Amino acid sequence: EDVTERLQRERALRKSEALLNRTGELADVGGWELDLVAGSLMWSDQTCRIHGVEPGHRPNLSEAINFYAPEAGR
């Protein structure tokens, strides 16, 4: 079985992720994703750094909301 194409896609994906991570660090911008169906939240490593938690931290929704000032929700 030829896995060359799959390996090329995986390599391109890793390269793209590395670029996105470097860009986020330079701009001091993070990202997050909320799955409403599963109720799960994922923060990028840069978002974790911005909030002073270890990269890979996966807060629940109520914990994540507490990182923001109360007036931010208005």
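**Exercises on a predicted model**

The count for this structure comes to one aromatic pair. The model is a predicted one, so let's work through it together.

**Exercise 1.** Find out which residues form the aromatic pair and what geometry the pair has.

*Solution.* Start with the rings: the partners are Trp-43 and Phe-67, with 5.1 Å from centre to centre. Next, take the planes: they stand at 70°, and an angle over 60 degrees counts as edge-to-face. Then place the residues: Trp-43 belongs to strand β2 (residues 40-43), while Phe-67 sits in the segment after α3 (61-65), so the pair ties together parts 24 residues apart in sequence.

**Exercise 2.** Check whether the span of helix α1 agrees with its number of residues, then look at what follows the helix.

*Solution.* Helix α1 covers residues 4-27, which is 24 residues. The expected span uses one less than the number of residues, at 1.5 Å each, so it should be 34 Å. The end C-alpha atoms are 35 Å apart, which agrees. Just after α1 comes Asp-28, with a positive phi of about 60°, although this residue is not a glycine. Asp-28 lies in the loop that leads from α1 to β1 (32-35).

**Exercise 3.** Work out which residues form the nonpolar surface patch and which elements supply them.

*Solution.* At least two residues come from β1, and at least two from α3. Leu-61 is found in helix α3 and is partly exposed, at 43% relative accessible area.

How values were computed: Residues are numbered from 1 along each chain as its sequence is written. This is a predicted model: local features need pLDDT of at least 70, side-chain atom pairs count only at pLDDT 80 or more; totals for chains, interfaces and linings use all residues. Side-chain values use heavy atoms; hydrogens and water are left out. Rings of Phe, Tyr and Trp (its six-membered ring) pair if their centres lie within 6.5 Å; planes under 30 degrees apart count as stacked, over 60 as edge-to-face and the rest as tilted. Helices (H or I, at least four residues) and strands (E, at least two) are DSSP runs, numbered from the N terminus. Patches are made of residues with over 30% relative accessible area and no salt bridge: like charges are joined within 9 Å, nonpolar side chains (Val, Leu, Ile, Met, Phe, Trp, Tyr) within 5 Å. Accessible areas come from the Shrake-Rupley method with a 1.4 Å probe; for residues, only the protein chains shown count as cover. A salt bridge is a side-chain nitrogen of Lys or Arg within 4 Å of a carboxyl oxygen of Asp or Glu. Buried means under 20% relative accessible area, exposed over 50%, partly exposed in between (1.4 Å probe, protein chains only).
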